[in-house]
Amino acid sequence: MSIYRTTRRIALPLAMLTLAGAVMAAPADPKATRQASFKKMGAAMKVMKEQLAGGSPARPTMLAAAQTVAATARQQGALFPAGSGAGTDALPAIWTQKATFDAQMAKLVAESGKLVTIVNGGNADAIGAQFKVVGGTCAACHKQFRADN
């Protein structure tokens with residue numbers, strides 16, 4: 001068998017797998033996916049707020065919520081394709097100031113990742129402080145890029 005045929009036998013299936021992976025990775029409706037994900041993130045933040053307000057947060061509950069926020073944050077930036085703002089609270093600034101928006105999303109990813117690390121440490125004061133940082137990061141983005149603020 002020639003090298004050409006061998007390469008073709010390998011390259012075509014690999015290309016198909018790559019394409020299938022890209023299709024599977026892209027949500028069918030990024031707008032609906034991001035809205036559901038933001039609600040999920042908000043619910044996790046609410047759990048953390050309630051835990052902190054109670055005075056003695058349960059570490060497993062806090063960790064699960066922090067991990068939800070961090071995992072969701074890592075996905076959100078990719079869910080804003082051009083033209084997906086219609087019918088939502090997303091302001092056009094998301095797309096006209098894309099670099100600023102992307103920087104805000106990167107900050108959310110970094111700060112929520114730190115939150116997971118701090119929750120693992122178990123220091124309630126440190127958890128509370130980082131929770132406020134993450135909440136402030138969310139609020140700053142909402143103020144600049146969300147219509148209902």
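**Overall layout**

Read along the sequence, this protein follows the pattern α-α-α-α-α-α. It has six helices and zero strands, where helices (H or I, at least four residues) and strands (E, at least two) are DSSP runs numbered from the N terminus. The model is a predicted one, in which local features need pLDDT of at least 70 and side-chain atom pairs count only at pLDDT 80 or more, while totals for chains, interfaces and linings use all residues. Residues are numbered from 1 along each chain as its sequence is written, and side-chain values use heavy atoms, with hydrogens and water left out.

**The protein as a whole**

- Of its 149 residues, 28% count as buried (under 20% relative accessible area, with exposed over 50% and partly exposed in between; 1.4 Å probe, protein chains only).
- Among contacts (heavy atoms within 4.5 Å) with a separation of 6 or more, 71% are between residues 24 or more positions apart.

**Helix 2**

- Helix 2 covers residues 30–53, and its 24 residues reach 34 Å from first C-alpha to last, close to the 34 Å expected (1.5 Å times one less than the number of residues).
- Its buried residues are Pro30, Arg34, Ser37, Met41, Ala44, Met45 and Met48.
- These buried residues pack against helix 3 (59–76), helix 4 (93–96), helix 5 (98–121) and helix 6 (124–145).
- After helix 2 comes Gly55, with a positive phi near 95°.

**Nonpolar cores**

- A nonpolar core is a set of buried Ala, Val, Leu, Ile, Met, Phe, Trp, Tyr and Cys residues joined through side-chain atoms within 4.5 Å.
- The largest has 19 residues, and Met48, Ala66 and Leu115 are among those with the most contacts inside it.
- Helix 2, helix 3, helix 5 and helix 6 each give two or more residues to this core, and helix 3 gives the most, with seven.
- Beyond its neighbours within four places in sequence, Ala66 is in contact with Met48, Leu115, Val116 and Val119.
- A second, separate core has eight residues, including Phe80, Ile94, Phe101 and Cys141.

**Aromatic rings**

- The structure holds four aromatic pairs (rings of Phe, Tyr and Trp, its six-membered ring, with centres within 6.5 Å; planes under 30 degrees apart are stacked, over 60 edge-to-face and the rest tilted).
- Phe80 and Phe101 form an edge-to-face pair, because their ring centres are 4.8 Å apart and their planes are at 70°.
- Phe80 lies in the loop between helix 3 and helix 4 and Phe101 in helix 5, so the pair ties together parts 21 residues apart in sequence.
- Phe80 is buried at 6% relative accessibility, and Phe101 is buried at 2%.
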